[in-house]
Amino acid sequence: HEFLSNCCSSCASVEGLTPSPPEDVCEDVSGVALDSKTCSEIAASGDMGVLCDALDTLQDKCCESCLATHGTAQGCTGDDPDFLAFDTYSCEEVDECADRQELADVCSHEEVADKCCMTCAAVSHIEPSDTSGPAPTCSSDDKDFKFGGKTCSVLSKKTDAFAIMCSHLPSVMESCCSSCRDAQGWGGSCSNNPSYLVAGHYDCDDVAIHVDEEELADFCQDDDFSENCCASCSEVEHIDPTPQTPAHKCLDSELFSFDGKKCDALAKTDEIHLLCEKVEDVGEYCCATCRDAVSDAQYCDGDDEDFRVAGEYSCEDLKSGVSSQELRDLCQDHEISENCCAICEGVNHIEPSENTVVVPTKDEECSGEVDGKSCDVLVDESGHFSTMCKHVQAVADGCCSQCTEAFETEEKCSEDNKDYRVAEHYSCEDIRKNVCEEELADFCSDRDFANNCCGTCNTVSDVAPPEKESPFEHDSCRDTEGYTFGKGHTCEELTEGDAVFCDNVPEVSENCCASCRDADEYVEGCSGDDPTFRLAEHYSCEEVDANTDNEELSGLCEANPQMKSSCCKTCGSVQGINQNPPPDYSELGTCKDNDDFTFGTKSCSEIAHTEEMTDLCTHIDDVARECCATCSDVSPEEPGDFCTVNPDFKLEDRTCQQIMDLNDKLMATFCKGDPDVAENCCALCASVNAIGTNFNEDVEPTDVVVDGIDDSDMGGRVDSKVASGTVDSCGSGEIHFALELMTDKFPKDTTWTLFDYEETIERLSPEYTEKEKLNKYSVCLESDKHYVFEIRDGSWDGICCGQNGDGYYTIMVDGHTVNTGGEFTRSSQVLITPPCKKSSEVRIVMDLTTDFFGSETSFRLSNHGRSGSFDDDLGAFERRIMSTCVSKGCYDLTVKDEGNNGLCCEYGRGGYTVVYDDEVFADSAFEKGASETTTFGEDCPAGSEGMTVDEGEPVKDGEELESAHAYLDFLAEHEDAEKTKAESP
């Protein structure tokens, strides 16, 4: 402009030409640029900006300096290093991944232009592309297209502002056509109103960026929003709006009373505002009443023209006759502030004086008048004169003797006015009895109360009144300090004009509770939680809320009408939230209460016999799982139709629970076949659904041992076997076994055992105490033996991952990794076998354990497709290990059970494992059926590998029940023998 004004004739000669844009590459040349001067020298002269705009050659040679000069001229000090355009790209990344035209298109977005001002200055001369035409048509995105290294799919999923990218970047709009169409609703019959703003700050796109789909659907329920943001709303037409109960409730409690008077009775009195302002409990529990009373007191339609202070001064007189500070102090008087509300509102921003009484400034005798008015005339019975003496310097100076007399009269007061009543009911003595000292001092700060209850007020003359907020801004409804939403707007800014954010965004409703309460209509129908209500005889509404998640709380509220009514505030907070499905106790396996579990502070037994126990079991996962036995007692189809366990009933000297403790399949057999068990063990039978197919193999079975070592004792401490240290090398005939164990966050839960197949313990783990520490151990073992490494976790959740941390174990034999892991439940086992002597051979290991009816079990290992004899000389609970080296090939292992009920888990925890060349091909509990055949190895015919099962004939109920009784008889004899053995010398 400066060049044009001074060189207008020269410029006129090129008026029809278009200035050329600078090149894409932007850097200064190292040598002379213009008239023997370098770029830096031209920049130092101050003429760089004018010359860059006019001379193409200078733009080419001094591009970087031209760019810096142009940006500085526009008030730009540099790009914002923390800004991410479209929530994804830094200014530098935008510059790198966009060409000049695309950069100009990006910079047409106001926020990008502001935050990336220096980058955008380079393309300020380039007109943005016109994106107002019809949307491109396409059937899919260009899969090879990338913007800033991100494909259309990644951009649309990861970038909240993808729709804005489509609007400002033609290359994105064309290459990501399908995704852009979904993001912007192209082809619809409506568009967003670009001038429409929500809460004075947010256009339709802004709202869509900062809220999720469900919240946007809630916004679209508002007619004004849906009309102006038609395109945005069309994208969430398929989403049902969320029923919400705003957090900003302000309701009266029907249960609260102040000295026997409920909120509605207090509301009818003229002094209700005084109780609301001075008594915290009244302000909190009569919130709606106090809101209305204070609102009425604060609503001002002008000053009362007939009102006079000290019988002489109108409100207008006060405004013109005293200073702003003095007026603010006078407005502390309730009667003055109510009758002169307009002028008092004008000084509300001024803090009241700390000094309660002004000090006269004149030493000479008082004049006896103020503004031509006699002090004697000003003295009246209303008490306003005393107030003016305290706060207005001119009155204190002109009427010093009258003021002194008024103060002395106040000090002489020692008795309360017995006829005086606050809110038409409460005498001075009543107030004193029902409030604390600080609240009483607050009452006494009111002139009318202090004059009539001077004796009472004398008792708290040295007590400071509390600093109080609005009476109904109690703890349950306050704005979160420092909270901002979206583009950094505060609660006050978000609620300017309406409460649309409050009604539709729970985050805003919760953090801007007070602002939302003031901006929105008040929710009626709930007077707050009943503080006397107890769920299951123990839990208040607050305690239930603290011990449940939203889904569990929602389920309780819907299932229990009394709780829903008594805890209406708590239940309202989860209104519309989906409930958890009721637990299926049939899937819980062996069902026992956890004696260490508490819900809140109460154990399963303490809440077992309450009416609401069914609701707790049905809707709270922790209770259902940890109080399984108790819950199974109260898990009938119809609420209230209690199905119990007879504690006196016994079968073979075993109670219902003792049978259940053996295993649930055995329990199911008795429930199906024995009417006495079905009747007396009703609840436990319900928990297994009277079927034998729901065994949960994570559940610890009863350990039964015959002619062997009880593997439950393997974790016992044998000090000489506790692992410690490492060895570097091993001798001939030995293998080097090494273990690396990274403990999780609960190291004491972890133990391990290394034992051979004769179940002789080789090593035991030390006690681990340090969290997330790598522990190393190694030992030399005999090379011709088989070993098992077993790791256990006391909490049954392994050592990895999630809340446990990243624990793991790695096992190496002679430097080769054999196994590594960490994710398991109760335990994990690793088999360690000796190598075969011939390189052409591999080792097959079968590890089989029978159940109680071991004589029914047999097995056969053969080449694939060939027959052979079965080994059947097995006994009850016998463990048979077969380990042999064979030529490489395809093999079959068949395990049969003549009882057609498998090896597990009704009559013991049997099963088998097959390992071929260190690879596990079968690990089966063989829970049912007549036989299982596993085909494994190398060069097996196509489709033959894997397991086939022969179900056989179903076991007759009578035979099954007979077997079950035989099993119980055996257990009884075994236990008697063990008891006799334990008692013998």
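Among contacts (heavy atoms within 4.5 Å) between residues at least 6 apart in the sequence of the protein, 67% join residues at least 24 apart. The structure is a predicted model, in which local features need pLDDT of at least 70 and side-chain atom pairs count only at pLDDT 80 or more, while totals for chains, interfaces and linings use all residues. Residues are numbered from 1 along each chain as its sequence is written, and side-chain values use heavy atoms, with hydrogens and water left out.

The secondary structure comprises 50 helices and 20 strands; helices (H or I, at least four residues) and strands (E, at least two) are DSSP runs, numbered from the N terminus. Of the 985 residues, 44% count as buried, where buried means under 20% relative accessible area, exposed over 50%, and partly exposed in between (1.4 Å probe, protein chains only).

Helix H40 (residues 550-559) contains the buried residues Glu 552, Leu 553, Ser 554, Gly 555, Leu 556 and Cys 557. The cover over the buried residues of H40 includes helices H39 (541-546), H41 (561-566), H42 (568-572), H43 (613-619) and H44 (621-626). Leu 684 belongs to helix H49 (residues 682-687) and is buried, because its relative accessible area is 1%. Leu 684 and Met 660 are separated by 24 residues in sequence and by 7.4 Å in space, C-alpha to C-alpha.

Several loops show backbone features of note. Most residues other than glycine have a negative phi, and most peptide bonds are trans. The peptide bond from Cys 800 to Cys 801 is cis, with omega near 25°, and Cys 801 is placed in the loop between strand S7 (787-793) and strand S8 (808-813). Asn 900, although not a glycine, has a positive phi of about 55°; this residue lies in the loop between strand S14 (890-897) and strand S15 (904-905). Asn 900 counts as buried because its relative accessibility is 19%. Asp 939, also not a glycine, has a positive phi of about 60° and is found in the loop between strand S19 (931-937) and strand S20 (946-950). With a relative accessibility of 77%, Asp 939 counts as exposed.
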